[in-house]
Amino acid sequence: MMNLPGPAIAVRDLRVVRGGAEVLHGLTFEVPRGQVTGLLGPSGCGKTTLIRSIVGVQIVTSGEVTVLGEPAGGPALRRKIGYSTQSAAIYRDLTVLENLRYFAAVLGAGKDDAERVLEEVGLAGAGRQLAGSLSGGQLGRASLAVALLGSPELLVLDEPTVGLDPVLRQDLWGLFQSLAERGVTLVVSSHVMDEAARCQRLIILREGEILADGSPDGLRERAGTTDLEEAFLRLVKEKAERVR
Amino acid sequence: MSLTITLATAGRILAQLRHDRRTLALLVGVPSVLMILLRYVIDDPASFDRLGPTLLGIFPFIVMFMVTSITTQRERATGTLERLMAGPLGRFDLLLGYALAFGAVAAAQVAVVLAISLTWLGLEVAGSVWLLVLVAVLDSLLGMALGLFFSAFARTEFQAVQFMPAVVLPQSLLCGLVVPRDAMASWLERLSDVMPLSYAVEAMQEVARTGDVTGVLVRDILIVAGCAVLALVLGAATLRRRTP
C-alpha cells in the first residue's frame with residue numbers, strides 16, 4: 001500500500017460555492033499516503049466543505065480533486081474511503097452493534113468486523129446499548145467506528161475528537177498513529193490547535209484559503225515560535241500585512 | 001444494485017421498528033380502531049359494506065406516506081443518508097429496502113384490519129381477500145414512494161408532517177369516500193381522474209362488489225402499480241450522491 005505511486009489526495013484549484021457565496025477560493029494541495037494529515041482552522045473556514053469535496057458528496061464549482069488516483073466520488077473509491085461526519089451519522093433507534101452490522105453489510109465487510117472496530121474505539125462494552133442512549137462522546141466514537149469498517153485505505157474524519165476527555169482524545173490519536181503506521185492515510189479535521197502537534201502534516205485553512213501547509217516543525221520555524229496557536233495568530237497577521 | 005445491500009437495508013428498517021414498539025402498535029392499531037369506529041358510527045351493514053373497503057384503500061396509503069416522509073427526512077438530517085451515499089449503496093438498493101420493509105408492515109396492517117372487519121364487524125366482500133391485500137400493499141407502496149419524494153422538499157421533520165394533509169387529504173376527499181366520484185362537479189371528477197388514490201379505492205370497491213376479476217379491476221391495479229413505480233423513480237431522482 002505504501003509504495004503505490006502518487007499522493008493519496010491531489011486537489012487543484014478547488015472552488016466551491018455554497019448558498020450563493022464562494023466558500024473555497026481555489027485550493028491546491030496534496031496529501032501524502034500513510035500519514036496523518038491535520039486539517040485545521042477556525043469554525044466556518046471551509047473544513048467540512050473541503051472534506052465533503054474529498055469524499056465526493058459535495059457539488060464543486062470548479063477544480064479537480066483526485067483521490068487514490070481517481071476522480072473524487074468515483075464508484076471504485078466507495079469501498080476504499082472511510083468517512084465520518086461532524087455530527088454522529090448513525091441510527092439512534094438501533095443498538096451500536098446493529099448499526100455497525102448494517103454498515104458492514106453495505107460495505108461487504110466481514111461479520112466480525114463490527115466487533116473489531118467497536119474494540120478499536122473503546123466501546124466494546126456498549127455494543128448492545130441503543131445509540132440514542134449513549135453520551136455525546138460515545139456517540140461520536142460509534143460514528144467513527146462505522147468509518148473504520150472494512151479497513152479503508154483512506155480515512156476522512158471531520159472533527160472526531162470533539163467533546164472527548166483528554167484521556168480518550170489521547171487514545172484516539174494513538175489509534176490514528178497506529179493506523180498510519182499500517183499504511184492507512186488519514187485526514188483529520190479539528191479546530192483545536194493543540195491537536196495539530198500530533199499530525200505529521202498540517203494544512204491550515206482560514207476563510208476558504210490555505211494559510212499554511214507543511215509539518216508542525218516547519219510551521220513553528222516559519223512563524224518563529226514553538227506554540228502552534230501563537231504560530232497560527234502570527235501567520236494570520238503576516239497575511240493581513242501582505243494583503244495591505 | 002445489490003441484493004445483499006437491499007436485504008440488509010430492509011432488515012435494518014424492520015429492526016428500527018422493532019425497537020420502537022409504540023410506533024409499531026400505532027401502525028397496526030390505529031387503522032383497526034378507526035374501522036371499528038366507522039362500523040358503529042354508520043351502524044348500517046349495507047353502507048359499511050360500501051365504505052369499509054374504501055377505507056381499506058386509504059389507510060395504508062396515509063400511514064406509509066407519513067412514516068416514509070419522516071424516516072427519510074431523518075436520514076437526511078442525521079447524515080446517515082450522506083454516509084450511505086458516500087459508500088457503495090445504490091439509490092435503488094435503499095428504495096427497494098424501504099419498499100420491502102414497509103410493504104411487509106403494510107401487509108401486516110391490512111391483515112389485522114381485514115381480519116377484524118371480516119369477522120367481528122361482519123364486512124361482506126364478494127371477491128377474493130387476497131386481491132384486497134394485493135391492492136392495499138400496492139397502495140402502501142404508492143404512499144411510501146410519494147412520501148419519499150415529498151420528503152426531499154422538507155427541511156425539517158415539522159415540514160415533513162405538514163406534507164401529509166397537503167398531499168393526502170385532497171386525494172381522500174376526491175377519491176369517492178365522501179361523495180361518489182360520478183356525482184361530483186365535472187371539474188372535480190376530472191381532478192380525481194388524475195389522482196392515484198381514486199383508482200386504489202375503485203379497485204377495493206370492485207373486489208368488494210363482485211367475485212369476478214373485472215376489466216375495471218385489472219385496469220385499476222395496473223394504474224396503481226404504475227403510479228407506485230413512477231413515484232419510486234421520482235423518489236430515486238431526489239436521492240443524490242452530491243449535494244450543494
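1. A pocket here is an open set of grid points with protein on both sides within 12 Å along at least five of seven lines. In this predicted model, the largest pocket holds about 830 Å³ of space. Its lining counts 30 residues. Closest to the pocket centre are R52(A), R76(B), E82(B), T243(B) and P244(B).

2. Which elements give two or more residues to the lining of the largest pocket? They are α1 (47-55) of chain A, together with α3 (45-78) and α4 (80-86) of chain B. Helix α3(B) supplies the largest share, with four residues.

3. The whole structure has four cavities of 30 Å³ or more. The largest cavity has a volume of about 200 Å³. It is lined by 18 residues, and those closest to its centre are I81(A), Y83(A), L107(A), R83(B) and G87(B). Elements that give two or more residues to this lining are β6, α2 and α4 (136-148) of chain A, plus α4 of chain B.

4. Besides its place among the residues closest to the centre of the largest cavity, R83(B) has its charged end over the ring of F103(A), 5.8 Å from the ring centre. A second case lies within chain B. There, R39(B) is placed over the face of Y40(B), at 5.1 Å from the ring centre.

5. On to the aromatic pairs. A pair of aromatic rings is described by the distance of the centres and the angle of the planes. Ring centres must lie within 6.5 Å to count as a pair. The count over all chains is ten aromatic pairs. One of them joins Y91(A) and F103(A), with 6.0 Å centre to centre and 15 degrees between the planes, and is stacked. Y91(A) sits in the loop between β6 (81-84) and α2 (96-107) of chain A, while F103(A) belongs to helix α2 of chain A, so the pair ties together parts twelve residues apart in sequence. Y91(A) is buried at a relative accessible area of 5%. F103(A) is buried too, with 4%.

6. The pair of W173(A) and F176(A) is edge-to-face, at 5.3 Å centre to centre and 75 degrees between the planes. Both residues lie in helix α5 (residues 166-181) of chain A. They are three residues apart, about one turn of the helix. W173(A) is buried, with a relative accessible area of 3%. F176(A) is buried as well, at 0%.

7. Chain B has an aromatic cluster. F65(B), F149(B), F150(B), F153(B) and F163(B) make it up.

8. Backbone angles come next. Most residues other than glycine have a negative phi, and most peptide bonds are trans. L68(A) has a positive phi, near 45 degrees, and is not a glycine. It is found in the loop between β4 (62-67) and β5 (70-71) of chain A. Is L68(A) buried or exposed? At 11% relative accessibility, L68(A) is buried, because the limit for that class is under 20%.

9. E159(A) counts as buried at 9% relative accessibility.

10. Helix α6 (residues 216-223) of chain A has two sides. P216(A), L219(A) and A223(A) are buried. Seen down the axis, the buried residues of α6(A) fall within an arc of 60 degrees, so they line one face of the helix. D217(A) and E221(A) are exposed on the other side. What do the buried residues of α6(A) pack against? Their partners are β9 (201-206), β10 (209-214) and α7 (228-243) of chain A. Just after α6(A), G224(A) takes a positive phi of about 70 degrees.

11. E206(B) lies in helix α9 (residues 196-209) of chain B. At 11% relative accessibility, E206(B) counts as buried. Leaving aside neighbours within four places in sequence, E206(B) is in contact with T214(B), V216(B) and L217(B).

Definitions and conventions: Residues numbered from 1 in each chain as written. Chains lettered and ligands numbered in written order. Predicted model: local features only at pLDDT ≥ 70, side-chain atom pairs only at ≥ 80, totals over all residues. Heavy atoms only, no water. Phe/Tyr/Trp six-rings, centres within 6.5 Å; stacked < 30°, edge-to-face > 60°. Buried < 20%, exposed > 50% of the residue type's maximum accessible area, 1.4 Å probe, protein only. Lys NZ or Arg CZ within 6 Å of the ring centre and 35° of its normal. Arc of directions from axis to C-beta. Contact = heavy atoms within 4.5 Å. 1 Å grid on protein atoms, 1.4 Å probe; cavity = no way out; pocket = protein on both sides within 12 Å on 5 of 7 lines; lining within 4 Å. Points joined across faces, edges and corners; volume = space filled by probe spheres on them.
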